[in-house]
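Me: I would like to learn how to read a structure like this one. Please take me through the features one at a time.

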Amino acid sequence: MTARHTTRRAPSLAPVLARLDAHDRALLAALAGAPRTARGRAVWCAVTHLGGALATTLACALPLLLGALHRGFLWRAGLVTTATVLLSHGVVQLVKRRVARPRPAPDAAHVAAPDRFSFPSGHAAAALSVALGYALLAPALLPLLALAAVVVGLSRVVLGVHYLGDVLAGQALAALAYVLVLRALPA
């Protein structure tokens, strides 16, 4: 008599991921194309560039340059902001290449995409990284800074280069990077 072995498999994530993908695509269809005028596109493009490389680099450099003489609180906020941006960006790039989720239809996009991968959003991660770092300087401004980062993330969906899930994942990575940076840097 032989023993029968039954193996239990973990529940598959495929149905959950398929539902999330369907919701992402439905939200993209509802939001993309919102800038129906040239002025609307220009506004959303200006907002989206706040999470781009130039704006993020300037946002990191400003407190470092201004605080360089005293190396006090302003300097620390600059270090936290820069470290958070760098860490979140590095993780975003690793995840992008590992997941390799294609961007929404390129012909529907209102701006040029920086690369061919969609998940997670680097702009959303960078905007929230800067917002959290700057909140060290002015904690009372955190709601306004976070709102600005959320709008940058939303701009990526409205402009048709990311799904909402990409944006939320980028923002989650930025928040995680911020916590890790705060724990790593001495007080």
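Reply: Start with helix axes. Axes are lines fitted to C-alpha atoms, for helices over the stretch in contact, and angles run from 0 to 180 degrees between N-to-C directions. Helices (H or I, at least four residues) and strands (E, at least two) are DSSP runs, numbered from the N terminus. Now some ground rules. This is a predicted model, where local features need pLDDT of at least 70, side-chain atom pairs count only at pLDDT 80 or more, and totals for chains, interfaces and linings use all residues. Residues are numbered from 1 along each chain as its sequence is written, and side-chain values use heavy atoms, with hydrogens and water left out.

Me: How many helices and strands are in the chain?

Reply: The chain has seven helices and zero strands. Along the sequence the pattern reads α-α-α-α-α-α-α.

Me: At what angle do the axes of helix H3 and helix H4 cross?

Reply: Roughly 155 degrees, for H3 (residues 53-67) and H4 (residues 73-99). Their axes come within 7 Å. H3 is therefore roughly antiparallel to H4. The classes are these: angles under 35 degrees count as roughly parallel, over 145 as roughly antiparallel, 65 to 115 as roughly perpendicular and the rest as oblique.

Me: What is the handedness of the crossing of H3 and H4?

Reply: A crossing is left-handed if the near helix is turned anticlockwise from the far one by less than a right angle, and right-handed if clockwise. H3 and H4 cross in the left-handed sense.

Me: How do H2 and H6 pack?

Reply: Helix H2 (residues 38-49) and H6 pack at about 130 degrees, with axes 8 Å apart. H2 and H6 are therefore oblique to each other. The crossing of H2 and H6 is left-handed.

Me: What share of the chain's residues count as buried?

Reply: Buried means under 20% relative accessible area, exposed over 50%, partly exposed in between (1.4 Å probe, protein chains only). Of the 187 residues, 37% count as buried.

Me: Is glycine 133 buried or exposed?

Reply: Glycine 133 is buried, at a relative accessible area of 0%. The residue lies in helix H5. Alanine 126 counts as buried, at 10% relative accessibility. From alanine 126 to alanine 53 is 8.4 Å, C-alpha to C-alpha, across 73 residues of sequence.

Me: Where is alanine 175?

Reply: Alanine 175 is in helix H7. At 31% relative accessibility, alanine 175 is partly exposed. Alanine 175 and leucine 132 are 43 residues apart in sequence, with their C-alpha atoms 7.8 Å apart.

Me: How many salt bridges does the structure hold?

Reply: Side chains of opposite charge can pair when their charged atoms come close. A salt bridge is a side-chain nitrogen of Lys or Arg within 4 Å of a carboxyl oxygen of Asp or Glu. The structure holds one. Aspartate 166 and arginine 101 form the pair, at 2.9 Å from N to O. Aspartate 166 sits in helix H7 (residues 164-184) and arginine 101 in the loop between H4 and H5, so the pair ties together parts that are 65 residues apart in sequence. Both aspartate 166 and arginine 101 are buried.

Me: Which residues does a cis peptide bond join?

Reply: Phenylalanine 119 and proline 120, with omega about -5 degrees. Proline 120 lies in the loop between H4 and H5. Alanine 100 is in the loop between H4 and H5 too. Phi of alanine 100 is near 55 degrees, a positive value in a residue other than glycine. Alanine 100 is partly exposed, at 33%.

Me: Which residues form a nonpolar patch on the surface?

Reply: Patches are made of residues with over 30% relative accessible area and no salt bridge: like charges are joined within 9 Å, nonpolar side chains (Val, Leu, Ile, Met, Phe, Trp, Tyr) within 5 Å. Here the members are Leu141, Leu144, Leu147, Val150 and Val151. Together they have about 430 Å² of accessible area, by the Shrake-Rupley method with a 1.4 Å probe, where for residues only the protein chains shown count as cover. Leucine 141 lies in the loop between helix H5 (122-135) and helix H6 (142-158). Leucine 141 is partly exposed, at 42% relative accessible area.
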